[in-house]
Amino acid sequence: METSKNNKVASGFLKQGSILAVASILVRLIGMIYRIPMANIIGDEGNGVYSAAFEIYNILLIISSYGMPMAVSKMVSAKISQKRYKSAYKIFRCSMTVSICTGGIAALFVYFGADWIEAKFFSKYSGIAVPLRVLAPTIFIVAVMGVFRGLFQGHRTMLPTAISQIFEQVVNAFVSVGAAYFFMRAHSASPKLPAWGAAGGTLGTCIGAVTALIILLFIYMMYRPVMRKQAKRDRVTTGESLVQTYKIIFVTVVPIILSQTVYQLSGIIDVTIFNNVMGTLGYSDKVVKTLQGIYSTKYRLLVSVPIAVSTAIASSMIPNLVSSVAAGDMADARKKTDMAIKFNMIIAFPSAMGLAVLARPIITLLFPSSDINTGSMMMLIGSSCVIFYALSTVTSGVLQSIDKMGLPVIHSLVSLIIHIVFVYVLLRWTNLGVYALVLGNVTYPLVVCFLNGRSVAKYMKYKQETTRTFCVPLLASFVMGIATYAVYKVFVILTSKVYIAIFPALVVAVSIYFTLVLKMHGLSRKELYEFPMGRRMAKVADKFHLLG
């Protein structure tokens, strides 16, 4: 009976993670779809300005509040598992105060310091101050929104986050495309035309965030009576001073923010190094911005779709792992870790392979007006980053859950130092150009994976199973890649249409991978049930005698 209960609890976070993963993938797909017309409207130069503005936005968002959802989730979950509801909601209120202050300060800095940021750091991205000012209010909105999402995730429900993310992105899509088109027409005579196009895209981000915040406020007001009833039943919480509460928040939030900041710094440093080195090598500002636009808007946008799954699983895993650790049940914590890693690898390997073998048709189909050769080569070289980011994200979440908050920061910092040297050397003394950034985007998470893996093994006494977790997905993905490319080429020859040939290739890819993973015993029936629509997939597998 106890084993059954543990199994149910252990798989619960995958169910919740699956909800958030599906929402995250849907959000990324919507993001990818709307970025296609927007990218074509504002052009590669405008995309370069847009991506550079977002690098600044992301780093200030992370410094001010980006770690709040994960931190609040961890703190609230720990208190609720001890039935200390009053303490949990006190943490929520104090976290909101912190986010309002930090988010407000960061928003004001970006709005009033946009010209200074452009002059000091992004002089080659003429007009970047325009989209930065549009993005400034979004920092404050997202800061407040993150605390609400952390509260709900701490209660082990991902639905409010998932629903708000979807509505946020839908509104973002429509406003971004419409505003980019309107701004480009309204400022057609401006020398900063690409910057105004980028500003239209950032306006969508702001309006989308406002929509999500309204939805979360509505859900919170509906849930508030339940919170009050739980607080009245609390007989465990003793008096905790505000100083103690803010200390808990500080100790929890700072390592998460530092870890995220170091990761985001890699993007800003990449832009800065690329900007400076390419300039010294004689490349024009327009060429630099165009290549940066292709890297950020095509390559990084596409690889972010499968990476969203690992982020969702890590978010849902943390409150559950915290509960297991608080109860002293490390065996259950190890089981949850094992399940999270396997779930991610089952998805990451075929995603990476699919992006590699279908790189050219995907870029051709989605971004026909762009430099297809450069974009597809980036994808071919750098698609393996999906695997390493998936693994590094989950293992960072594990370390944060077991109160080893500082280790992901140290590991990210070590990797960043290696990354800076590696990218600079490639840019300065090779002819790789923008492909140096792609290689750096692979090696950065690879180093983090290695360091995180050692620490997880040491502090959890965790031994990683390799055959079913890594070898089976790798082999299945390799065979899938060969078959997928062959089917695609056959249909291209028969139809001469990329958009027709890619769909049968994708059907073959899913079918072959699904068959091989099950035939090689990569997943058991019980594990398959834990996937989204797992029981339906099991019924299909039984018809073809793929499951034992």
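Author: Happy to, and please keep in mind that this is a predicted model.

Reader: How many aromatic pairs does a search of the whole structure find?

Author: Two rings count as a pair if their centres lie within 6.5 Å. Searching the whole structure on that basis gives a total of 10 aromatic pairs.

Reader: Is the pair of F109 and W116 stacked or edge-to-face?

Author: The ring centres of F109 and W116 are 6.4 Å apart. Planes over 60 degrees apart count as edge-to-face. The planes here stand at 70°, so the pair is edge-to-face.

Reader: How far from the centre of the ring of W429 is the charged end of R428?

Author: A charge has to be within 6 Å of the ring centre to sit over a ring. The charged end of R428 does sit over the ring of W429, and its distance from the centre is 5.8 Å.

Reader: Last one: which residues does A212 touch, leaving out those up to four places away in sequence?

Author: A212 lies in helix α6, which covers residues 193-233. Its relative accessible area is 0%, so A212 is buried. With those sequence neighbours left out, the residues in contact with A212 are M145, R149, S164 and E168.

Methods: Residues numbered from 1 in each chain as written. Predicted model: local features only at pLDDT ≥ 70, side-chain atom pairs only at ≥ 80, totals over all residues. Heavy atoms only, no water. Phe/Tyr/Trp six-rings, centres within 6.5 Å; stacked < 30°, edge-to-face > 60°. Lys NZ or Arg CZ within 6 Å of the ring centre and 35° of its normal. Helix = DSSP H or I, 4+ residues; strand = E, 2+ residues; numbered from the N terminus. Buried < 20%, exposed > 50% of the residue type's maximum accessible area, 1.4 Å probe, protein only. Contact = heavy atoms within 4.5 Å.
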